[in-house]
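Hi,

Here is the structure I promised to pass on to you. Have a look at it first, and then read my notes below.

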Amino acid sequence: MSGIRSLSALIASASTSRVLNLHIVGETFSEELEYGTSPFFRDSLLNQSVIVKHRFRGDEAYLVPSGGPVGTKIIFPLDRSDLRVGGQYIFINETGYKDSLINVLGYRVDDFEHDLETLRLLNTIPSLDPFLVREQMRRHNRAPADCYFSISPADTARMLTFTEIEMYPLMKLAFGEGSSDINPDMVGRLANALLSTNADSRLEPLRLTLGLEGIQFRDGIFSWKGFIFYKWQFSENMVALSKIGPEMDSIKIKGRPDRVSKELAADLKKTIRDNIRATSMNCSRVLALYDDAFRDLVQRGHTAAFRKFLLDAPMLFVDLGHMMGMVSHIVSYWRYRFRSAEKGGIDIEEYLDILREFAVGLAPKR
């Protein structure tokens with residue numbers, strides 16, 4: 001177990017895909033009945049932790065010897081009232097992982113098998129976005145309260161304009177073409193409401209348009225928010241990912257690589273470019289299912305078909321979440337690693353390791 005001192009900064013700027021912030025969920029929803037009756041973890045301390053996806057640097061591979069390039073970190077705030085104090089963390093499957101958890105939680109192993117399994121499920125997915133996590137939990141007969149599945153404040157702020165544009169055609173349907181009741185402030189308020197944790201009264205026009213009640217409305221709104229999240233993430237990350245292809249040829253290599261290394265690098269770069277195109281096509285294909293259903297709603301008024309699509313579609317979040325999770329990690333790591341390598345260059349072996357990792361990470365699922 002190690003300490004960190006940048007916990008408050010991490011939470012303030014973290015992307016939804018990288019962090020599952022159970023601490024803030026507890027701070028915000030601890031008085032609600034569902035928070036207590038349907039917790040994410042049964043252990044109260046674990047249920048107030050911060051879970052983070054972490055891409056290992058070159059000198060960190062020893063931390064989880066049996067793991068891949070991305071690990072899952074459990075952070076326990078040292079002072080829950082002041083995150084600036086920092087926290088202690090444990091990597092899932094690090095050496096002595098269970099013993100470290102026992103030391104923190106004060107439990108015997110057989111007392112928290114349910115929570116260990118939940119941690120294992122989180123560790124097997126590449127992203128902590130709420131739509132992928134919720135579907136992963138659902139597939140394994142776990143049903144934490146809705147309050148655990150929110151978009152981070154940092155991403156909500158960045159998504160807002162995108163969401164307003166996405167919502168506007170449906171607002172015209174809800175209020176009637178040319179209605180004077182629609183204005184930018186109204187669309188902005190509804191976009192904010194859609195991105196919030198709970199579907200509230202501000203979304204009443206959409207509820208009436210979709211003809212959904214109760215749990216179905218809640219699930220439908222969550223599903224719709226998921227597609228907007230993935231479309232936004234796709235629009236941001238695929239532009240950045242497409243730039244990696246040409247940038248691979250401009251990386252400065254230290255020394256003079258031998259012929260075999262040069263040929264291997266060329267093969268890997270071709271594989272990565274091919275996989276970038278395949279990933280883009282696969283994401284576009286899944287998102288097009290939503291776009292077609294949404295277009296059918298706003299252009300033809302087929303509310304029943306769109307309603308059914310929203311309620312049946314979360315199974316698509318698994319493929320989308322896996323693809324976009326790997327894309328997000330690759331894009332962020334590329335920016336981090338090669339910004340620092342601009343002047344000094346990079347050793348050929350490290351460069352080949354990164355290329356292999358990207359080629360595998362972007363490989364289409366069979």
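**What I found**

Let's start with strand β5 (residues 87-91), which is mostly covered, as four of its five residues are buried. "Buried" here means under 20% relative accessible area, "exposed" means over 50%, and "partly exposed" is in between (1.4 Å probe, protein chains only). Helices (H or I, at least four residues) and strands (E, at least two) are DSSP runs, numbered from the N terminus.

Before going further, a word on where this comes from: the model is predicted, so local features need pLDDT of at least 70 and side-chain atom pairs count only at pLDDT 80 or more, while totals for chains, interfaces and linings use all residues. Residues are numbered from 1 along each chain as its sequence is written, and side-chain values use heavy atoms, with hydrogens and water left out.

**The strands**

Which strand does β5 pair with? It pairs with strand β4 (residues 70-77), in the antiparallel sense, over five bridges.

**The whole chain**

Now zoom out. The chain has 14 helices and five strands, and 49% of its 366 residues are buried. It exposes about 17800 Å², with carbon and sulfur atoms supplying 51% of that; accessible areas come from the Shrake-Rupley method with a 1.4 Å probe, and for residues only the protein chains shown count as cover.

Contact means heavy atoms within 4.5 Å. Taking contacts between residues at least 6 apart in sequence, 72% join residues at least 24 apart.

**The nonpolar cores**

In soluble globular proteins, nonpolar side chains tend to be buried together. A nonpolar core is a set of buried Ala, Val, Leu, Ile, Met, Phe, Trp, Tyr and Cys residues joined through side-chain atoms within 4.5 Å. The largest one here has 99 residues, and Phe40, Leu101, Leu122 and Trp224 have the most contacts inside it. Helix α10 (residues 214-247) gives the most to this core, with 14 residues. Another core, of nine residues, lies apart from it and includes Val19, Val50, Leu63 and Val64.

Leaving aside its neighbours within four places in sequence, its contacts include Leu20, Leu22, Leu122, Met137 and Phe149.

**Charged pairs**

Side chains of opposite charge can pair when their charged atoms come close. A salt bridge is a side-chain nitrogen of Lys or Arg within 4 Å of a carboxyl oxygen of Asp or Glu, and by this rule the count comes to 22.

The N to O distance is 3.3 Å. Lysine 231 is buried, with a relative accessible area of 16%, and glutamate 166 is buried too, at 10%.

Glutamate 135 forms a salt bridge with arginine 139, their closest N and O atoms being 3.5 Å apart. Both are in helix α6 (residues 130-139), and because they are four residues apart, about one helical turn separates them. Glutamate 135 is buried at 3% relative accessible area, whereas arginine 139 counts as partly exposed at 46%.

**One last residue**

Where is histidine 329? It is in helix α13 (residues 316-339). Is it buried or exposed? At 8% relative accessibility, histidine 329 counts as buried. Not counting residues up to four places away in sequence, it touches Lys53, Arg55, Val70 and Pro126. Histidine 329 and serine 127 are 202 residues apart in sequence, yet 8.6 Å apart in space, C-alpha to C-alpha.

Cheers

Definitions and conventions
Two strands pair if DSSP finds at least two bridges between them.
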